[in-house]
Amino acid sequence: MPPRIRLEDLDLSYFDGRTVYDHGTECLIWIKAKASGGYAYCGISQKLYYGHRLAFYLKWGRWPKEAMHTCDRKACVAWWHIEDGTRGQNTADAYARGLRRPRRPESMHNTHLDWTQVREIRRLRAEEGLTYKAIGLRFAIGENTCRYICIGKTWKE
Ligand SMILES: [Zn+2]
């Protein structure tokens, strides 16, 4: 039996090993179970929490009314990308700060990948038939980046 996790004992290190850091967008992408909407799903003391809400709580010590992603990536649990506010407010804020249109994943650098990962990406596609999107989430790269790798447009052997 794994040790029982209690919410009050948690801190942000909870996300270590359960996320990958995306250097391109500074997102912390959850790689464990996801809710149907694509949000991180964290089971703690037999309760389920959305990862982005949990991140906000662990950082600020209170639950957000409505946790919003400034990066528009639902699987992101980076507390610096989570804001509390009403939908309208948040969107306005995001526009004001020029965050409404985050860099497209296609334009992201994928220099954090190495050959082992590239081969794993190709294997997941070829042998397990995962979608580019699913693989991309796992490696914190864009869908197109993933496709280019799989068709050999980038990372030529
Ligand atoms: Zn993010």
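Student: Which residues of E2 point one way, and which point the other way?

Tutor: Bear in mind that this is a predicted model. In E2, Cys27 and Ile29 point to one side, while Leu28 and Trp30 point to the other, and all of these residues are buried.

Student: And how do E1 and E2 pair?

Tutor: E1 and E2 run antiparallel to each other and are joined by 4 bridges. Within that pairing Tyr21 stands opposite Leu28, and Asp22 has Cys27 as its bridge partner.

Student: What about the turn of that hairpin?

Tutor: There are 4 residues between E1 and E2, and Glu26, which sits in the turn, has a positive phi of about 60°.

Student: Back to Ile29, what does Ile29 touch?

Tutor: Leaving aside residues up to four places away in sequence, Ile29 touches Thr19, Val20, Asp22, Ala75, Cys76, Leu137 and Ala140. Ile29 is also listed, with Cys76 and Val77, among the residues that have the most contacts inside the largest nonpolar core, which has 29 residues.

Student: Which elements supply at least two residues of this core?

Tutor: Strand E2 (27-30), helix H1 (51-60), strand E5 (67-69), helix H4 (132-139) and helix H5 (143-151) each supply at least two. Domain 1 (7-103) and domain 2 (106-151) both give residues to the core, so the core lies between them.

Student: Let's move to the helices. Which residues are buried in H4?

Tutor: The buried residues of H4 are Tyr132, Ile135, Gly136, Leu137 and Phe139. What covers them includes strand E1 (19-22), together with E2, H3 and H5. Ala140 follows H4 and has a positive phi near 55°, and Ala140 is also one of the residues that Ile29 touches.

Student: And which residues are buried in H5?

Tutor: In H5 the buried residues are Thr145, Cys146 and Ile149. These residues cover an arc of only 100° around the axis, which puts them on the same side of H5. Their cover includes helix H3 (115-128) and H4. Just after H5 comes Gly152, with a positive phi of about 80°.

Student: Changing topic, how many bridges join E3 to E4?

Tutor: Strand E3 (residues 41-44) and strand E4 (residues 47-50) run antiparallel and are joined by 4 bridges, and Tyr41 has Tyr50 in E4 as its bridge partner. The hairpin of E3 and E4 has 2 residues between the strands, and Ser45 takes a positive phi near 50° there.

Student: Stepping back, how many helices and strands does the protein chain have?

Tutor: The chain comes to 5 helices and 6 strands. Read from the N terminus, the elements follow the order β-β-β-β-α-β-β-α-α-α-α.

Student: And what percentage of the 157 residues is buried?

Tutor: Buried residues make up 27% of the 157 residues in the chain. As for contacts with a separation of 6 or more, 52% of them are accounted for by residues 24 or more positions apart.

Terms used: Residues numbered from 1 in each chain as written. Predicted model: local features only at pLDDT ≥ 70, side-chain atom pairs only at ≥ 80, totals over all residues. Core = buried A, V, L, I, M, F, W, Y, C linked by C-beta atoms within 7 Å. Buried ≥ 20, exposed ≤ 12 C-beta atoms within 10 Å, placed from the backbone. Domains from an automatic or database assignment. Contact = placed C-beta atoms within 7 Å. Pairing = 2+ DSSP bridges. Arc of directions from axis to C-beta.
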